[in-house]
Amino acid sequence: MKIVYHERSKVFHLWNDSISYVMMVLPNGQLGQLYFGKRIHDREDLSDLLELAVRPMASCPFPGDRTFSLEHVKQELPGFGTGDYRSPAVEILQQNGSRISDFQYQSYRVEAGKPGLPGLPATYVEGEQEASTLVVNVEDSVTGICAELFYTIFARGGVLARSIRYCNEGAESVQLERAMSLCLDLPDCDYEWLQLSGAWARERHIKTRKLTMGIQSVGSLRGNSSHQHNPFLVLKRPSATENQGDVIGISLIYSGNFLMQAEVDAHDNTRILAGIHPDTFSWKLEAGDSFQTPEAVMVYTDQGLNGMSQTFHQLYQKRLARGSWRDKERPILINNWEATYFDFTEDKLVKIAEKARDCGVELFVLDDGWFGERSSDRAGLGDWVANRERLPQGIAGIAERIENLGMKFGLWFEPEMINEDSDLYRMHPDWVLAAPQRAKSHGRYQYVLDFSRVEVVDCIYGMMAKILREAKVSYIKWDMNRSITECYSAALPSDRQGEVYHRYILGVYDLYERLTREFPEVLFESCASGGGRFDPGMLYYAPQGWVSDDTDAVERMKIQYGTSLCYPISSMGSHVSTIPNHQVYRKTPLHTRANVAYFGTFGYELDLNRLTEEEIEEVKSQIAFMKKYRSILQFGTFYRLKSPFEGNEMAWMAVSGDKKTAIVGWYRVLNVVNDHYTRLRLAGLAPDICYRNSLSGSVCYGDELMNLGLCTTDATAGEVAVGQEPCTDFESRIYVLKAE
Ligand code: GLA
């Protein structure tokens, strides 16, 4: 990797084996964007990439010159009001009412490695040789606002991480009204836009559309990154497939209100903006203050969508997630939520755990309902002390009983929330987010604590840390079950209310940071009514997250397939639950429920005591299978093969680092009658290795499996071949391929 500044042409060129990123100081002193994509040769003067033309009616800054207009020039930190009519990356409201800014290049420096972002999650390095960071200083001389533009290029992979730090070096305070993390101006718009969108229990479905003139965007104004949209977008060339072609992925490492936007202008330039959503953001920057934006990560690959996903997986698994669990195979857990909901006693829980232990489960997780007066979702949130009627010996008592079974013990919290019916609310009614004189909206009968206040975070930290110090808790499920309304903090003055959403998230990050630092051995799993905050920000603190409250295998195919576009398999909480399924009432076979859940962290969300002996034997072999192969499933190279959004079948696979073992998951939603012969073309195998197929026993070369395909033809409805089981709806198979 290299970062070069060519003094004479004023061109910056950052490159590694995969990508180049080229910028220049423009004739008007601002910083311009010239190229992002596959690596190109360096030249002394790449400034001829700057496209200038006389465009009728354009606004021009230089007297007598009609060639240079910000309306068309590709920029790094565009402001509004001086001739660029596209959405800006920065907007500063000044005391005289002006919102115009003009950031002029001042200087640059190159740092080995990558600096951290104070108070914010970000990718990191484990040695200075892993990355280089270019910091470009620009200044708006009228306000004295300086900005440091950070560009980190990693030694490996087509990755560039970006963020901006603003510092008020002027004499007056200003309001930062918009501070996007990234602006990327591309020279054409021949892209398909992919987003991950949905709803509660239907998260991260892949939605695709052709980019076209105007603005297309996804975002959140809910206070959490949301079930509805993920802070992630893909631009792919229309011809790009899963395994080849140009793809750009943009991901924002942030868990609050965000905006990801593409604006195609009249001449087919595309401007990408990613950052904190400006609609709910306004930050007062006093003289001397600074503001750090969240980090945005850009990936380019010519290896198609799988190539992009693998780059994100590698980066987010190894250099975003942290802590002792980062590289470890994840424990197989059993969670009591769908087994008992609020209806449990300690003995009932221990019975569930015992049966699970007998099957090989490693971790028992006690979900909602163990604290305060929590016998339903109407009370108790905020009172993080054990309910002694249910747990006579407290958390320490039940944790010990579970440990004595030879299992680890895990516990659910919802730290950011409060019920009106709680001791905490009775003591501190002003600790909730609520606007003066206005009614408070509840969500699931609960209010949101004002995490912008340090005393609130301190108090919750105190209660949680006490439990973790006193009891042997190995895992925490951190939930967040409603979005924010009436976002107003009683502790902030009127001109700082625009800061509350962001300060709230900073408070959440602060609590995570304190707990993960004090309890480094605890495995954290993030959750927000399932996948309402499944984002890279959370991954920095919690290496896994509950993907969705929908545990139905068929629904999960789409949810997990979509999630895999950006997030590693090791981050996806996925469980086998009961039938009829509690969300869609569908009955899928036990093996299909497991075959989907294997591509994740794996666990059970039901009472195994209610299964037949035959089913228990099946569960035992599922657990044995997962223990044997989870290192490959969770940490191998993952390939999507067949999209559930495009047909009746879905397939994906994971390949070991040495390519000697591959695990292929094949799934068919509805049965078919008298079907054609079917083959599934695999990916990522070694062409010259012979692989033995665990189901058919056949032995084939990798090149055959990748070019001809794996035979998936079976006895479909209508006719049953001799010696074969009849197939039903919701069929699935796992093929293990091993080098001979
Ligand atoms: C959320 C979670 C569930 C469960 C419940 C408990 O919905 O996503 O897994 O923990 O809360 O109330």
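Trainee: How many residue pairs are in polar contact between domain 1 and domain 2?

Mentor: The count is 21 residue pairs, both residues at pLDDT 80 or more. Keep in mind that this is a predicted model.

Trainee: What makes a pair a polar contact?

Mentor: A pair of N or O atoms has to lie within 3.5 Å, with one able to donate a hydrogen and the other to accept it. The 21 residue pairs between domain 1 and domain 2 are therefore counted as polar contacts.

Trainee: And how many salt bridges does the rule find across the interface of domain 1 and domain 2?

Mentor: The rule finds 0 there.

Trainee: Which element gives the most to the side of domain 1 that touches domain 2?

Mentor: That is helix 1, with 7 residues.

Trainee: How many residues of that side are nonpolar, polar and charged?

Mentor: The side of domain 1 that touches domain 2 has 17 nonpolar, 12 polar and 5 charged residues. Gly counts as polar by this scheme, so any Gly on that side would belong to the polar group.

Trainee: How many residues are in contact in each domain?

Mentor: In domain 1 there are 34, in contact with 31 of domain 2. They are called contacts because heavy atoms lie within 4.5 Å.

Trainee: What area is buried between domain 1 and domain 2?

Mentor: About 2500 Å², with carbon and sulfur atoms giving 57%. On the side of domain 1, R204, H313 and Q317 lose the most area to domain 2.

Notes: Residues are numbered from 1 along each chain as its sequence is written. This is a predicted model: local features need pLDDT of at least 70, side-chain atom pairs count only at pLDDT 80 or more; totals for chains, interfaces and linings use all residues. Side-chain values use heavy atoms; hydrogens and water are left out. Buried area is the accessible area (1.4 Å probe) that two parts lose on being put together, summed over both. A salt bridge is a side-chain nitrogen of Lys or Arg within 4 Å of a carboxyl oxygen of Asp or Glu. A polar contact is a pair of N or O atoms within 3.5 Å; within protein, one must be able to donate a hydrogen and the other to accept it, and residues adjacent in sequence count only if both atoms are side-chain atoms. Helices (H or I, at least four residues) and strands (E, at least two) are DSSP runs, numbered from the N terminus.
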